[in-house]
Structures are given as C-alpha cells and as structure tokens.
Amino acid sequence: MIEDLYPICRSITGNGLRATLQYLQRDLPLELVEVPTGTEVFDWTVPREWNIADGYVKDSSGRRVIDFRRSNLHVVGYSMPVNSRMSLNELRPHLHTLPERPSWVPYRTSYYEETWGFCLSHSDLLALDDEEEYDVCIDSTLTDGHLTYGEFLLPGETDDEVLISTHACHPSLCNDNLSGIAVASLLGKYLSPMPLRYSYRFLFIPGTIGAITWLAKNRQSTDRIKHGLVLTCLGDRGSPTYKRSRQGDAEIDRVVCHVLEQARSDFTVVDFSPYGYDERQYCSPAFDLPVGCMMRTPWAQFPEYHTSADGLELVDPDALADSFFTILSAIAVLEENRTYLNQSPRGEPQLGRRGLYRTLGGTTEEHVDELALLWVLNLADGRHSLLDIATRARMPFADVSRAADALIGCGLLREASADRVISLGTRKEG
Amino acid sequence: MIEDLYPICRSITGNGLRATLQYLQRDLPLELVEVPTGTEVFDWTVPREWNIADGYVKDSSGRRVIDFRRSNLHVVGYSMPVNSRMSLNELRPHLHTLPERPSWVPYRTSYYEETWGFCLSHSDLLALDDEEEYDVCIDSTLTDGHLTYGEFLLPGETDDEVLISTHACHPSLCNDNLSGIAVASLLGKYLSPMPLRYSYRFLFIPGTIGAITWLAKNRQSTDRIKHGLVLTCLGDRGSPTYKRSRQGDAEIDRVVCHVLEQARSDFTVVDFSPYGYDERQYCSPAFDLPVGCMMRTPWAQFPEYHTSADGLELVDPDALADSFFTILSAIAVLEENRTYLNQSPRGEPQLGRRGLYRTLGGTTEEHVDELALLWVLNLADGRHSLLDIATRARMPFADVSRAADALIGCGLLREASADRVISLGTRKEG
Amino acid sequence: MIEDLYPICRSITGNGLRATLQYLQRDLPLELVEVPTGTEVFDWTVPREWNIADGYVKDSSGRRVIDFRRSNLHVVGYSMPVNSRMSLNELRPHLHTLPERPSWVPYRTSYYEETWGFCLSHSDLLALDDEEEYDVCIDSTLTDGHLTYGEFLLPGETDDEVLISTHACHPSLCNDNLSGIAVASLLGKYLSPMPLRYSYRFLFIPGTIGAITWLAKNRQSTDRIKHGLVLTCLGDRGSPTYKRSRQGDAEIDRVVCHVLEQARSDFTVVDFSPYGYDERQYCSPAFDLPVGCMMRTPWAQFPEYHTSADGLELVDPDALADSFFTILSAIAVLEENRTYLNQSPRGEPQLGRRGLYRTLGGTTEEHVDELALLWVLNLADGRHSLLDIATRARMPFADVSRAADALIGCGLLREASADRVISLGTRKEG
C-alpha cells in the first residue's frame, strides 16, 4: 500500500488526496466527504482546491533541471501557476534547499500565502548557471472546489466512540505519513469482523484544516468520543513514543502507558504540548478530547523528516507491524476495561469450593493467577477499573482480565452499574 | 512461652488450638469463643473439628520411619484417618518433601479437601525401600465440633478500638507464628495496668477462617475499629517490615512509618497486597478497615518459612524484644496523637513570660524544644494532628507531644472538638 | 545607605530606630507610626522605650576596656542602667563572649527580662585582670515611650496588596539587616513612578513585636494582602534562598521559584518552618498570609551571624544588586500573572492571517514564539494563569507573557472575569 500510494501528489485538497482515499476504499467502506471551498469552519475557511499537472525549470537547452515528474516534492505545495523565463537571480528567491543535507530535497508548502516555488537538492542548486536564462513553469490550478476527507464508522455495542485519526495530506513522504495511513487502514480492516464494545471512527484527513473542518461539522457529537489516537510516523526504526492527551491522565493515556510498560522497556512517553499533529485540534480547550498521539520517532527528531529522504527505505515492515500490534493491544485493553463489584465483599470468598484455588495449603510457590483473583476481588468495589487493578497490582492487564472472567463465571463479580461508576469515577486514583 | 507452646499440634480447630489459648489465659483474661461446626460465616462454613492422637508409617520391622510423635509437621494438617498397609508406590502420592532442602520437613495442610498425607525430609524419603510394604496409620478424627478463638478487650477511655490480631493455627512453627502470639500476649499483659485512651481488642485466631468468623459475628461493630495491626513473623533476625493497610495512608500506616523512620534506617514498608495474613480479611472491600501488618522478614521470603527449619533456633530474643518495643512505640503515638487548637493564633504568643522561652535573645544555638513549641503553635489549627506536625517538622513525635503538653499546661492549646476534627480531618495532608 | 546607617544603635524601640526611619524618609514617603508603651497587641504588650547614651567598663587607670562608643554591640540590648564599681568576678556573669571566635563580639539582647550586660571579644575578656576593680556604667533609660515603625503604601490599580516587610531593629549588623532595609528602600523608590496593578505596602519594623503590633493594628485589613515577602540577609556572597510561605504553594511561592529556576542554578528553596523572621507572625495560623522570605545565606548558617563580623565588609554590592533584581523579577511576574480565556477555543485559530505565524510550512526549526502562542491558546481556559502556562510549557514567564500580549492585541484573548477565575482557581494544578 505504501509503495502504491508513494508516487501520488497529495495536498490538503485536490485530486491526489481524493485518489488516495479512493484507493483506501478497496479495503474499507470509507465515505469521502467533500466540503466546498469557502465553507467557514470555526476561525478558518476551507481554501480553494489545488491541483497540479506539471512543473519544471528548463535550461536553454530544454533540459528539465527541476522536474515535478521525477518527484512531487520539487514543487512547493499550493504553488500558484507560473510560466515565465527568468535569470537564476530572479528565480533564486523561489528555490528551497537544505544546504546541510546537500543531496536531499526539502518538502515545503504555502497554503495560505499566494506564492510559488521549487524545492531541490542543494547540490543541484550549485550546478545551476548564473548566466543562464531558465524557462519556469508550474501548471497548477487553484480554484473553488472541495476539501476531501475520508470517514468510516465501525459500529460497536455502544455509541461511545474511539477516534482513530491520521493525516493524509503529505505527498511523497513515507514515514510522515503513509505509515499512519497504512496502520490505520489495517486496523480498520482487522477490527471490522470483530465484535466490539466501542464504535470506532476512522478519519483520513488533511492535517490541521481537515481536523478543524471535521470538528466544525461534528461539533454536536464530539462528546461521544471517549478515547482517541492520532497515528503518525509509525514506520521508522525508532522505538515507540506516546504523547499524552491534554488531560494527561485520561483512560487512553493510562491504557497506552500500561501496554508499553508491560511489553517493553524501549519506549518514551511525553507530555502533551500544543505542537505536533491533529491532537492539537482535538485537544483545543473547548473540546479537550482524550486523544493522544502514537508515533515512533517524533516529528522533526529524525533527520529525514519533511525531506525526500523520508522515502520507501525509511519505513521498516517490522516497525509497522510492531506499531500495529501495540495499538491493537491498547484497543484490547480499552475494550475489556470495565469496573466490577465483588458480590461477596465481606472477607474473601472461598475460592477452593469453586475450583479457583489450590487445595493443598502451605506451599511456597507463587500462584500468579490466584493473586490476580485476589487483587480483583479486593479492589472490585466500583471505584477501580480492571486497568486500575492491573496498575496497582503491577500485573499485565490480560492476567487481571482473565481473573475477572473466571470470577464472573462463578457469580462472584458483576459489572458496576454505569451510574455508580460514573459517580465514583471522578475520584482520582492515588 | 514459645518453648512451651512449640510442641503442641495446632490447627484451625481442635484441642491443640484450644490448649494454646488456655495456656495464654494464665497471663490474659482471654475469652475462648467456640463456634459450632456448620455455622455460616459469610461465604464460608465453619468446618468440622480436627483432632489427632497419632500418625506413623512403619516398615515391616515395626520401626516408625515417619512418626507424628517426633514432630507434628509429619502429618498433613486435617488429614483424614487412615489405617492400611501399602507399598511405597501406593504411599508415594501422599508423601510431601522439599527436594531442594533435603533435610527439612515441609508444612502442609488440606483443610477443605478430604485427603491425607505425610510430610518428611527428602533424605528420609530417599531412604525408604521400594520393595517394602508399610503400615500406614493416621489416628485422627474429623467430626462436628467447634472452631475456637481467643478474644480479650482491654477497655480504654473511649469505645474506639485498636485491633491486635494474630493467627494461632500453626503447629510446630516458631516464627510463623508463635512469635506473633508471644508478642501479642506480652502487649496485652503490658498494657493491662496502663490508663489507655483507646480500647484494645486482642484476637488469637485461626488464620483466614478465624478472621472471617470473627468478622461475621461482629459485623455490626467493626466501625469501632479505628486502627489495627496483624502481628506475624516477629522473631527472625531480619529487620522490620510494615505492610500498609488497603487504605494505604490510614493513621496506623502513618504512625508506624513515623516510628520506623525516627528510630532506625533498616526497615521496609510495603504497599498493601491481597496476599499475606488476616489483613486480607480485615481489608476486604466491604470492611476496608485500617489494619496493617507488622512483620520482620515477610512470609515466603525466609527459606525456613513453612518448614521444620522454622524452629526454636530461628527465633531470636532480641528480635522479639525489638518487635515488641516497635509496636509499643506505635501504640504510644496512637494514644497521644490528638488534634489541638492554638488559643492565641494571631501572631506568636509570648512564650518568655510563660517561662517557655530563653530570655536572652541573639544566641545562635539550636533550641529543639522551642522549635517544637513553635511548630505546634503554628500548625495547631484543627487540621493537623500532632503526628502531622511531627511529620512536617521532621521531629520525633515525642518531642512534639512534650511541647504540646507544655502548651496545654499554660492554656495556649486546647484539644479541638471532635466535630471540628472530623470535618477537617477529611482534608489530605500534602 | 548601609554605611550611613551602620553606626546607629537601633533596637526594637528608641531613638536609633527612629533616626533610621527618618533617614529613609529622604527617599520614601514613609509614615512613622508611634505606638505607646503598654498598648496591648494580641498576646503581647508594647514594651517601654529604651535609649542609651553611653556604656563602658573602666579599669582603675580610667581606661575604657569595654566602650559602647567603639561599637554599640558592646552593650546588651535593653540593658538596665547601671553605675557601680565591682570586681571582675562580680562583673563576669554580665559579660558575653564567643570563645570559639575569640576576636568577634557577639550581639545579645534582653528585651523582656530586666538585666544588663556587655558583649566583648573573648581575647579582650582574657586580657582583663582578676585582681582589678572596674567602674561599670550603662547610661540607659527604659521609660514609657513608643514603639516606632515605618509604613508606606504605594497605591496601584487595585486594592490588592503586596507586602514587603523588613526588620529594622538590629544595631551595627550589616547583612542582618541593613541589607534588607537597603533593598526594600530601593524597591520602594524604583517602583514609585511605575504604573502598578497591585498596591505595595512597605514595612520597616522592629522584629517580632513590630510585626505583631502591625498585625494587631491592621487585623481588619490583612485580607487585602495577596502576596508578601519578608526581606532579610540579602547582601552576603551566598546564593539566594527562598523560604516558602506556610501555605507552601501560594502564588508568591510559585512565582519566586519560577524566577529562580528560569534564571539560575545556584539557589535553594526551603519549606516553611516557624523559626526565622517576621514570616513567623504573618504566617501564624489565624492569619496564614501568603508571605515567603527572601534571603541569601539563611540566618545562623553564616558564621558571622549576630556578631561584630557581620560588618560592612560582609555585604557585597553585587550580591545586593542581584537580590534586588531577583525580587524585581518576581514582582514583574506577579504584576503580569493574569488568567485569560481563549476567544476562539474550538481548534486552533488561524494565526497566519493575523501575522502571527510563518507562512511557509514544512520547515523544521524551532519557533519558540509560535510555541508560546500555542501554549497560551491551548491553556487559556480560565483555569490556568500565565504562570501555570509557563510552568507547564517549561518556558520563561516573559515569553509566555509576550505571547499573551500579542494574542490580546488581535482579540484572541481576553482576561477571565474575576468570578470565574476565583471559582476555578481553587482547583489544584497537577
């Protein structure tokens, strides 16, 4: 999928974005939402739609010294059309390079200021001739049209939603963010046949303006979102990084931290900051949704970020798989994390006569499963979710969940009624 | 006392337990409570009473190769009667050893499954003869009778109670738990002639089923228990370990931690977990009593645990004395820990004219007592107990308590009314 | 100023104190408040006024072996008049020295016990002659009069006050506390022409009895004091020490800590304790004002403390300047620390069209100012002051404040109404 989508020239609007979302429709029942140019979305306005057919700089011999057809990074995103002949000096203010990485082409955009430009490697820039006149052409259009995004709701047992959001506006850059698109798409496909407690809403959207547009169109129903993850940069060889939601200690934050802590030592958890990806929008103060961000190496901390070096070779299949399974583990915990009431809360119930306990007393060995049973019974007071119990017991969630199932099976545990959980859920765990 | 009680074959019911409690009646006005077999106690039923007269395995020469008379650990607790001749192969499933400690005899019980067995050292097992036929006899009875526990209330100035609970169901094992029985018994004897603020309830009970039985019989009055300690494993040469109550920051938890911190550096404080001794029952969710557990080396962390090696030599008189004095120090703090109101709370009162302050100003030396006076005056606002003050001032409780007495003596301090303390006591100290 | 004030013999009452305050009137519109002897101030009574003209011990040759005219430290503060001839043995109980610092003269007072005495260097004491008769004279008066303090209110935009208090009762001691007097005086002079949000109340008072007297006379209006600092020992070469208020996490505490953390690594923050300077009175439980104490090396932690070695050479102009600027920085934060509401709280507002954002997307470099804008927008929800935002963003307050100003300038931010701030201000930040 990443190889197929890599050549397409995506931006925050236009046919490249549309084609990408259509490609995803092969696997997912994705609805393509088209929002007209000029639509007011909170403080913003949906911009004109940008499309590009070609772009180049030709020298006097007719050779394309910069060529959009070789890489769509060569043209600054949202460049106005241009067709002109000019000297290198006139052209130079429109050329962007990375002198410190002379063989890499940078990625640049200019969504909200009308200009145009080319990106090229610094070594190619040095090869240009000061005396030469160049033919400069960008065959683009910037016209009233639409902003497109893809949305897909996987219905679960309840209307409570888990939001999975990923930005789909970057052209030929792989880790940022074909990796996020691929993992989100696979998650959608994998979860589709599963019986689910939560409903899962998948968004494939242009960054910033897309999230703002979606929030504006759905402002009445954002309180359905109980948990959320922004997925990005999930394919590089770095270890996982989780960025907490603005709330900082939301259930999704505790779930992801638990999954990372139980499974591995090479991970990083960072606090929320208002810079990054679309968690910025979901966590803006009037929404303050419990949405974190799952990455490997964070944006701007790998040198290839926003350059041509973020190509197919930067993305590692094992890293993608590891990201996928980490997120799936978190979803498994979310799905199973309920709050129960011990039905025999006075002293310990007699586990032995229910077949849940060894019968020969006095042995010294550790009995992990029994300990999980005892932890669940002791803390199932309507104020501790299974995740709270696993955290306090320093046990994997799965062990605690298995113990809860066994106790439910013999009538010793019953789910706490929502009323009771909500009223007590406001209590902070120490 | 430990030497006297060591040979007796105790279990969760029966004459050995009864004889042990009767022995304690020499020093304490212990009431022996007899609860009939079949009594329903929450999720449990009081079991049949077990008594044993003899038990052995004899070889064909008539030699007792396993002999209950040598050590009561040789017969699995609650073994059904048996009288049979069998080959070693038939006998083998009923034999329990510790291969990794070949000279030690393990301690095993089977309270709630009807079976029988012998415990022996692994080297003795290896000496048995595969070809031999053995006479196997356990002369036990398992009949309707009673579960016995000892209870003793030392009345204080108020009905608020401190619970001291220790399990008395282990046969010839010293640290676990003749040490706890001895220290609890000495505490009862020592405190008896003292003027006490709290009433002290001492329980000598069979583990688990005894605590559950007591809770079932006293469920209406458990809210009198304001603080509690389970005493166990108090005689080995390890340093003290305190296991917090389920509440985690109850007054008893803070008192014991303060006493340990002020007196020594070699101690351990562990969080509550639902495995261990009868704190499991007192801290079950419907009771959630503020009961911690005082030990030296915790259960299963000393290799002799639940084996014949937990004998008289494992218990050290100095360790027992140190345990006793540590618990006594905690009780002294509990007794004195009150909440006061400064009667002159605007600015500092003039201590000099009350003889509480040096008269020559300007000296540099530390005046610990004056500092304690100032701390008490500053924090005696009805929201800080003396323990809160000692903790914040990083001073021994006794210094703070002495300062409070001096201030009471000159009318500068008065105990806060219970109403006020209770309403403000819910505030968490930082 | 310190050189001018150094020779004056100050005490908690009397003409030396009065002369000092009059000297300060050259620069500040200081009101001198005279409180009559015998006035009841809470638990205390304003003492008689003490004045001294001369004091000496003469040997038989008429030579002054101890001479008040050489240093006012030589006479114990509040000494009763004496005029007598006596042997060294009779005199000795009235002589105070520092054997461990044989060349230094100690500072001693006896405010509330009627006695008299001399302080001298230990080497001078050793030079006295056991066989000699000495003429002993203290020409002092202890009569009904007044306790004098200086007060000065610098009015600001609101009636909410910042209290700056410094003790002015020490004779020829420089760091303790001519340094505090000098810094407080310069602050008053420096702030006078400034437009101020808070009103600033400056107190130059005798220690303990002065603060208690002021509190007694102003008990109805202490709730105007929103923040306060006691200034003392600000001139030695040690690094700054801040002692928190009794509240511990008051705004003044967080402001001073922020300023110290942002500006330097060589500082100390200590928790409140009820020993020290007049913060003891302002933080007594019935007032519990948010008043901390700014020092360099704390009292009694520099060897020269309360001795003749606390002279002009102990005070360093650079240290005084550094103290002044540290306090000024804290005041600057207090003045600017407001709570705002983002006026466009749904998603991020579009900063680009307001000229607050770079227009060319895709660059990697850090944009600190943009990040400050984003932090302010994200946390300006009425529950976070600018200081809260700076702390969470780990940014200097000034950067955050500048960002807030820019956002106010384009209408994106408005101050939260006081009602809303107060109601939410009770929420503890995590």
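A nonpolar core is a set of buried Ala, Val, Leu, Ile, Met, Phe, Trp, Tyr and Cys residues joined through C-beta atoms within 7 Å. Keep that in mind as you work through these exercises on a predicted model.

**Exercise 1. The core**

Find which residues touch the most other members of the largest nonpolar core, then list the contacts of Phe204(C) beyond its neighbours within four places in sequence.

Solution. 
- Step 1: The largest nonpolar core holds 117 residues, and the ones that touch the most other members are Ile164(C), Phe204(C), Val376(C) and Val400(C).
- Step 2: Now pick Phe204(C) and set aside its neighbours within four places in sequence; its contacts include Leu21(C), Leu24(C) and Leu30(C). Also among them are Tyr149(C), Gly150(C), Thr166(C), Ala168(C), Ile181(C) and Ala184(C).
- Step 3: For background, nonpolar side chains tend to be buried together in soluble globular proteins.

**Exercise 2. Placing one arginine**

Decide where Arg338(A) sits in chain A, and whether Arg338(A) counts as buried, partly exposed or exposed.

Solution. 
- Step 1: Look between helix H9 (317-336) and strand S17 (339-342) of chain A: the loop there contains Arg338(A).
- Step 2: Count the C-beta neighbours inside 10 Å. Arg338(A) has 16. A buried residue needs 20 or more, and an exposed one has 12 or fewer, so Arg338(A) is partly exposed.
- Step 3: Check its contacts, again leaving aside neighbours within four places in sequence: they are Ser385(A), Leu386(A) and Glu415(A).
- Step 4: Compare sequence with space. Leu374(A) is 36 residues from Arg338(A) in sequence, and their C-alpha atoms are 17 Å apart.

**Exercise 3. How the chains are related**

Solution. 
- Step 1: Chain C goes onto chain B by a rotation of 120° with 0.1 Å of shift along its axis, at an RMSD of 0.1 Å.

Technical notes
Residues are numbered from 1 along each chain as its sequence is written. Chains are lettered from A and ligands numbered from 1 in the order in which they are written. This is a predicted model: local features need pLDDT of at least 70, side-chain atom pairs count only at pLDDT 80 or more; totals for chains, interfaces and linings use all residues. Helices (H or I, at least four residues) and strands (E, at least two) are DSSP runs, numbered from the N terminus. Two residues are in contact if their C-beta atoms, placed from the backbone, lie within 7 Å. Copies are superposed by least squares on the C-alpha atoms of residues with pLDDT of at least 70 in both.
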